Amino acid sequence: MLEAVNLECVRGERRLFRDVGFALAEGTLLEVVGPNGSGKTSLLRMVCGLLMPAAGEILWRGQGIRRLAEEYRGQLTYLGHHNAIKDDLSGVENLLFSETMAGGEATQKSAREALSRFGLAGFEDLPTRVLSQGQKRRVGLARLAFRARCRLWVLDEPFVALDVKAVRMIADLVANQVDSGGIVLLTTHQEVDVPVRNRQTLRLGHA
Amino acid sequence: MGSVDAFKALVRRDLLLAMRRRADVLTTLIFFVIVVSLFPLGVGPELETLREIAPGVVWVAALLASMLALGRLFSSDYADGTLEQMVLAPQPLGLLVGAKIVAHWLVSGLPLVLIAPVLGIQYDMSWEALGILMLSLAIGTPVLGLIGAVGAALTLGLRGGGVLVSLLVLPLYIPVLIFGAGAVDAAATGTGAGAHLSLLGAFLAVSLFFAPWAAALGLRISLE
């Protein structure tokens, strides 16, 4: 259960939003929509605890996320604008490293399987520097394959740079996660249909 | 258990990256070698003078080389988003910062320690003084890395951060310089380096304890 109460966001001198709140039960998808610069990324970063809200608070199962700290971060998977992969490491190396960091257990074999599921068969051992933009995004997204145990996914524009097939696949992955009891927060500018039972939409900005 | 694995994985990853980017790593070492080697050429070949300035020159060069390397500590992880993931990992951030500092020292500090005696020969230093030079650098350069990490974390993502980090950490480097060079000087003049080395050791213990957590706090602020 994730709750946000009266959040306010100030960046520089400008107030992006105020009195934003939501309450998400397990198995809910929250789509955050709004024009560029309306504070979608800031909101997601607040939910992760990367950004301190100017006012308001965020509660996970009734407790403040700042207090929960590591316990909360163990439940969280965040995917930001950056792919968080190292150019000089291969896809497999990147994936194994990020899973060890997240406290999970990935093996060479499972990492290879995940990458080929994400359409990167044959590219697993190349340094990601030589991959295309979309392929790099896929390497970044491939960590989702190991994160079904995380009860909260925060995905900032996951569909950027992906082709139609990959978009479909990520949408299904998200739907699967939501329907098996996870909470997913998502921003996107593309019209993507994520087939889930429970969804909420949060509008930011004046659009 | 997971934290230990994460620590090891991070050290291993940073060493691997350093191996694949050797040019970056060599910059620090080459800078150190050049600065130390230029002094005998500039000052002239009087052995007495060279022996006298040796501890100071080597230590100042090591200090500047460490400062030069600081820019690389967090900046690439910051740029590609891996730093964000580290902050969000369910591991104590201070521990992860510690792993980064360990790897950073192995790549940019340890080579200085190993090459210093070779450079010291140019200054006609005695064997005993060379030994103490290595020892003082081995204790002192980790302190420089630890203190520097706090500065690097605080100035991450700022324009002109390189200059700012120098201004920030230089005052804190000075005691290390005084006791590091002092130790070698004392060994050369035969008064015993023990006291200086003990103080350096004390600096190391204190900075080992506080610096990773302070740097972790700095990173959280810089990422906002």
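T28(B) sits in helix α2 of chain B, which covers residues 22-43. This is a predicted model, so take the numbers here as computed from predicted coordinates.

What does T28(B) touch once its neighbours within four places in sequence are set aside? The contacts are A65(B), A69(B), R72(B), S108(B) and L112(B).

With a relative accessibility of 45%, L158(B) falls in the partly exposed class. Along the chain, L158(B) and S222(B) are 64 residues apart, yet 8.8 Å is what separates their C-alpha atoms.

## Chain B as a whole

Zooming out, chain B has 9 helices and 0 strands. Read from the N terminus, its elements go α-α-α-α-α-α-α-α-α. The radius of gyration is 18 Å, which agrees with the value near 17 Å that a compact globule of 224 residues would have. Along the principal axes, the C-alpha atoms of chain B fill a box of roughly 55 × 35 × 30 Å.

Of the 224 residues in chain B, 49% count as buried. Looking at contacts with a separation of 6 or more, 80% in chain B come from residues 24 or more positions apart. The chain exposes about 10,000 Å², and carbon and sulfur atoms supply 73% of that area. On the charge side, chain B carries 11 positive and 13 negative side chains, with the centres of the two sets 14 Å apart.

## Chain A as a whole

Now for chain A, whose secondary structure comes to 7 helices and 9 strands. Its radius of gyration is 17 Å, close to the 17 Å from the globule rule for 207 residues, so chain A is as compact as a globular protein of that length. The C-alpha trace spans about 50 × 35 × 35 Å along its principal axes.

In chain A, 55% of the 207 residues count as buried. For contacts with a separation of 6 or more, residues 24 or more positions apart account for 69% in this chain. Chain A exposes about 9,200 Å², with 48% of it supplied by carbon and sulfur atoms. There are 27 positive and 24 negative side chains in chain A, and the centres of the two sets lie 1 Å apart.

## Strand β3 and its partners

Strands of a sheet pair through backbone hydrogen bonds, in either the parallel or the antiparallel sense. Take strand β3 of chain A, residues 28-33: it is mostly covered, with 5 of its 6 residues buried. Which way do β3(A) and β8 (residues 183-187) of chain A run, parallel or antiparallel? They pair in the parallel sense over 5 bridges. β3(A) also pairs with strand β9 (residues 199-203) of chain A, again parallel and over 5 bridges.

L30(A) has a bridge partner in each of these strands: L185(A) in β8(A), and Q200(A) in β9(A).

## An open antiparallel sheet

Chain A also has an open sheet of 4 strands in the order β2-β1-β4-β5, with antiparallel pairing. β2 (14-24) and β5 (63-64) stand at its edges with a single partner strand each, so one side of each has no neighbour in the sheet.

At the β5 end, 2 bridges join β5(A) to strand β4 (residues 55-60) of chain A, and the two run antiparallel. Here W60(A) stands opposite Q63(A) in β5(A).

Note on methods
Residues numbered from 1 in each chain as written. Chains lettered and ligands numbered in written order. Predicted model: local features only at pLDDT ≥ 70, side-chain atom pairs only at ≥ 80, totals over all residues. Heavy atoms only, no water. Rg over C-alpha atoms; globule rule 2.2 N^0.38 Å. Buried < 20%, exposed > 50% of the residue type's maximum accessible area, 1.4 Å probe, protein only. Contact = heavy atoms within 4.5 Å. Areas by Shrake-Rupley, 256 points an atom, 1.4 Å probe, with all protein chains shown as cover. Lys, Arg positive; Asp, Glu negative; His and termini not counted. Charge placed at Lys NZ, Arg CZ, Asp CG, Glu CD. Pairing = 2+ DSSP bridges.
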